[in-house]
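Please keep the sequence and the structure at hand while reading.

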Amino acid sequence: MSASPTNSLPASRPPAPEVMRDEIVIQVDDLHKIYHMGETQVHALRGVSIEIRRGEFVAIMGASGSGKSTFMNILGCLDKPTSGRHLLEGIDVSGLEKNQLARIRNRKIGFVFQGFNLLARTTALENTELPTLYSRIDKAERRGRAVEALKMVGLADRTDHFPSQLSGGQQQRVAIARALVNRPSILLADEPTGNLDSRTSVEVLEILQSLNDQGLTIILVTHENDIAQFAKRSIVFRDGKIRRDEPIPNRASAAEVLKTMPAMED
Ligand SMILES: Nc1ncnc2c1ncn2[C@@H]1O[C@H](COP(=O)(O)OP(=O)(O)O)[C@@H](O)[C@H]1O
Ligand SMILES: [Mg+2]
């Protein structure tokens, strides 16, 4: 891309071009996962096949134990399927060794979990910077990226705060910034609002929707229907299989919903 001095880049990332949006970023075929625990086996995924394209915002739903986290761990290259194929941006990752998987994961995937998993004695900025420590970029660039990521989640004024000095919603936003700092193409969020009250949950969804509008592919696990309504597509798991997969018509705008919710003290 050639930069022209009269056409400087905007502060936030521009939307990905439409041609890129159609590209398949995740493809899985007939995934099975069997956990072995001594004598017993748990067949957690029983033949899951799916395609997810760039720019999608998918909500994964289903009862506890239906296989959602198992599925997310495989999509995130944290775990391997027992059988089946998993392509990530066209690369077959199902056969890769642990260290190769870790490298791809670090480059392509951002994770957000229910517990924010921030280091307690470490500032928001340093927490955000952590995933860059494994990449070959210099300190100034790392710092710059962390500041940029914190700006994207609206926390530019909290860089030096420790987790204990932040609200739950702010801590989750730091966790989102940390997930974004290596500029992943996919964000995986497993029950990211599970520990948050309803207004704070919608605030987190507002950030996720805005990142999705900028081209980030998002896959979000939630057991709350209200939260799933902010995605563009919902997939329901039952007993390790996909039971439903459908677009969400008239998806809700978190920014609009927030206007109707009473403000709360921080
Ligand atoms: N590491 C593991 N070892 C053994 N069994 C597991 C493990 N993780 C999940 N399971 C089992 O696999 C099934 C699916 O679990 P999980 O993917 O965590 O479901 P969900 O996230 O939908 O609640 C459950 O029966 C669960 O007990
Ligand atoms: Mg789970």
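In which helix is Ala140 found? Ala140 is found in helix α5 (residues 139-152), where helices (H or I, at least four residues) and strands (E, at least two) are DSSP runs numbered from the N terminus. Ala140 counts as exposed because it has 8 C-beta neighbours inside 10 Å; a residue is exposed if 12 or fewer other C-beta atoms, placed from the backbone, lie within 10 Å of its own, buried if there are 20 or more, and partly exposed in between.

This is a predicted model, in which local features need pLDDT of at least 70 and side-chain atom pairs count only at pLDDT 80 or more, while totals for chains, interfaces and linings use all residues. Residues are numbered from 1 along each chain as its sequence is written, and chains are lettered from A and ligands numbered from 1 in the order in which they are written.

An open sheet of 6 strands has the order β6-β7-β8-β3-β9-β10 with mixed pairing, two strands being paired if DSSP finds at least two bridges between them. The edge strands, β6 (109-112) and β10 (241-247), each pair on one side only.

| Strands | Sense | Bridges |
|---|---|---|
| β7 (residues 186-190) and β8 | parallel | 5 bridges |
| β3 (residues 57-62) and β8 | parallel | 4 bridges |
| β3 and β9 (residues 233-238) | parallel | 5 bridges |

Within these pairs, Ile60 stands opposite Ile235 in β9, Val58 stands opposite Ile219 in β8, and the bridge partner of Asp190 in β8 is Val221. From β7 the chain crosses through helix α7 (residues 198-213) to β8, and this β-α-β crossover is right-handed, in the sense that, with the strands pointing away from the viewer, the path from the first strand over the helix to the second runs clockwise. Strand β8 (residues 217-221) is mostly covered, with 5 of its 5 residues buried: Thr217, Ile219 and Val221 lie on one side, and Ile218 and Leu220 on the other.

Around ligand 1 the shell includes Tyr35, Met37, Gly65 and Lys68, a residue being near if its C-beta atom, placed from the backbone, lies within 6 Å. The elements β1 (24-37), β2 (40-53) and α2 (68-75) each supply at least two residues of this shell, and the largest share, 3 residues, comes from α2.
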